[in-house]
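Look over the structure before reading the points under it.

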Amino acid sequence: NMKATTLQDSSSTFDQYNASIVFDLFELPGGAVAHAFGAEYMEQTYADTYDGQSEAGLIGGSAGNSAAGERDITAFFYEAVLPVVDSVEVNIAVRYDDYSDFGDNTAPKVSVRWEMLDGLVLRASYSEAFRAPGLDELNAATTFSAEDATDYQACAQNNIDPCPSRQYNTYYKSNPDLGPETSEYTNVGVAWD
């Protein structure tokens, strides 16, 4: 009655299927315009299973709760290379992602390459990015830990020197209302060869 075996069984799967087609459709003064269309379908599962004694909080120094989640992601993308003239090339792209458990997002990108003189190139681009929270960030169960920390502010207020560290009850929680990470990227540069 005084012994127990603690275990944690964690697993995740990721299946991805994709298809794309690339072709030239029409001409500009700088050459043929290349187009690419594509689609992706992804399935993800996440499971983190603790033993019953740890979940019940009956094991000293061990704690945790089981959690699981799954999602399907459908995505479509388009990209085109536009050789406007011999010295100017424009690239445009857009991607649409739809998450079964989270929401959707559209991320555009545009870039320009201009060879101003022989060996002197000006480049500029703008893009947006999106990252949905991981399944563990949305679904993980609350877990307890006793973390070491030093409360320097309390030591300063009470004139305690040196300031010792001690254990604090700490709870790790997921957030089902977590939003996406988003970014905007702008780049301008000159390359000389």
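The points below describe a predicted model and are grouped by topic.

**Nonpolar core**
- The largest nonpolar core has five residues: Met42, Ile73, Tyr99, Phe130 and Ala132.
- Tyr99 contacts Arg71, Asp72, Ile73, Phe130 and Ala132, when its neighbours within four places in sequence are left aside.
- Ile73, Phe130 and Ala132, contacts of Tyr99, are also listed among the residues of that core.

**A buried serine**
- Ser111 is part of strand E5, which covers residues 103–117.
- The relative accessible area of Ser111 is 15%, so Ser111 is buried, because buried means under 20%.
- Not counting residues up to four places away in sequence, Ser111 touches Glu89, Val90, Asn91, Ala124 and Ser125.

**Strands E6 and E9**
- Strand E6 (residues 120–131) pairs with E9 in the antiparallel sense, over twelve bridges.
- Ala129 has Ser183 as its bridge partner in E9.
- Strand E9 spans residues 181–192, and of its twelve residues the number buried is zero, so the strand lies largely in the open.

**The loop between H3 and E8**
- Pro162 sits in the loop between helix H3 (152–157) and strand E8 (165–172).
- The peptide bond joining Asp161 and Pro162 is cis, with omega at about 0°.
- Asn159 also lies in the loop between H3 and E8.
- Although Asn159 is not a glycine, its phi is positive, at about 50°.
- Asn159 has 72% relative accessibility and therefore counts as exposed, since exposed means over 50%.

Notes:
Residues numbered from 1 in each chain as written. Predicted model: local features only at pLDDT ≥ 70, side-chain atom pairs only at ≥ 80, totals over all residues. Heavy atoms only, no water. Core = buried A, V, L, I, M, F, W, Y, C linked by side-chain atoms within 4.5 Å. Buried < 20%, exposed > 50% of the residue type's maximum accessible area, 1.4 Å probe, protein only. Contact = heavy atoms within 4.5 Å. Helix = DSSP H or I, 4+ residues; strand = E, 2+ residues; numbered from the N terminus. Pairing = 2+ DSSP bridges.
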